Amino acid sequence: MTALSATRPGSVPAGGLFRHRDFRLLWAGQAVSSVGSNVTAVALPLVAVAVLDASAAQVAMLTAAAWLPWLLVGLPAGAWVDRMRRRPLMIACDLVSALVFLSVPVAALAGMLTIAQLFVVAFAAGLARVFFETADQVYLPVLLSPAQVPEGNAKLQATQTASYVVGPGLAGLIAQAVGAVAALVLDALTFLASAACLARIRTAEPRPARAAGGRSLRREIAEGVRFVARDPYLRVMTVFGAASNVGLVGYQAVLVVFLVREVGLAPGAVGLLVAAMSAGGVVGALLATVVGRRVGTARAMLLGAALSGPPALLIPLAGPGAALLLPAAGGLLLSLGVAVNNVLKGTFRQTYPPHHLLGRVTVSMQLLNYGTIPLAALLAGTLAATFGVRVAMLAMTGWLAVTPLILLGGPLRRRRDLPATYPADPVPAP
């Protein structure tokens, strides 16, 4: 029999979530893993460019390979996650990711590293990420009560966005000192640390109930898709997320190539600039719940969307010297807006739908949100190969600048706050 935590889900310990043992373990594991993942986000393209002399199109294809699993297995992953315990699945995903990233330095030491292996590594790590992120979204409400979920999301988002600052800077410094390949060893170790933290969580996770009548996987998937498609809030958030990811990931797919070959930055400077561009995300994550209370969660999402759009136009204006302040400022505002929206949307998605649908609702939204990413990366790579990297940057950030208009087409513009629960969901017992 699994031991229960001293802090039960639903109880509010004195001192808040800082004294919630199991949440601290989840938080610590995700913090170190996020740092490692953001080291890789810069290190893997640097390996491709500096070690294998990859083209801009090939570097963009690395991004596409990392996100392609959302298109291939996103929907069934949600139904599978709804059928199983989430913590063992998350631990398995961490271990797979660690092995995958360790294969790169091993191959490099043996003189056998190829661009094809980097594609396989990106795809395999992306596949593990599909299952981990889906399970993680459903697992947080198991550890916390509904009243604690917003605070938990804010803390997780703050550390994740802090990793956007620490990870790229660390990757640049490691790449400058001992080579980009060595930075991937750090990522592998962070996944092992995350698995160790998850293994120490004590809260007993109930086995998900089987659907009555032994319904097929296809019918369970369709139920989640229909729920998202029919709900006006989830629907507009999903479309906005998908559209904004086209521009966001599109420019990020060629950003390292742009900064190295067009602007002329060294690897260390690339990491520091990307870190500076991401710093606004820390502020946004910390302020999201406060802004949501002050102005309303629906209005705060519209404000976050406005910040995550037009400022992106400053990024392609990067140049030597003082002109580096332009992408730093644009990225700072953009990451602030993205973090505000991520915290508010994540909390809404975890508390609004019926819990038995949560895994399927999550992946139904993320299928479109993340499914556009490989297409965006391929589009950016094609534009860079045909018209040049700077033109590709201008096209992707120009698209991103107009995407906030999508949210005005939904019900958010008429509300101060997002609804607390789905109207058809029965009121839970106290």
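**A look inside**

Modeller: Let's start with Cys93, which is buried at a relative accessible area of 7%. Here buried means under 20% relative accessible area, exposed over 50% and partly exposed in between, using a 1.4 Å probe and protein chains only. Keep in mind that this is a predicted model, where local features need pLDDT of at least 70 and side-chain atom pairs count only at pLDDT 80 or more, while totals for chains, interfaces and linings use all residues. Residues are numbered from 1 along each chain as its sequence is written, and side-chain values use heavy atoms, with hydrogens and water left out.

So what about a bond for Cys93? Its closest cysteine sulfur belongs to Cys197, and at 16 Å that's too far. A disulfide here is a pair of cysteine sulfur atoms within 2.5 Å, and the count by that rule is zero. Cys197 is buried as well, at 17% relative accessible area.

Now the nonpolar cores, meaning sets of buried Ala, Val, Leu, Ile, Met, Phe, Trp, Tyr and Cys residues joined through side-chain atoms within 4.5 Å. The largest has 64 residues, and Leu118, Tyr251, Leu255, Phe258, Leu259, Val389 and Met393 have the most contacts inside it. Its biggest contributor is helix H8 (residues 232-262), with nine residues; helices are DSSP runs of H or I, at least four residues, numbered from the N terminus. Another core lies apart from that one, with 35 residues, including Phe23 and Tyr139.

Methods
Helix = DSSP H or I, 4+ residues; strand = E, 2+ residues; numbered from the N terminus.
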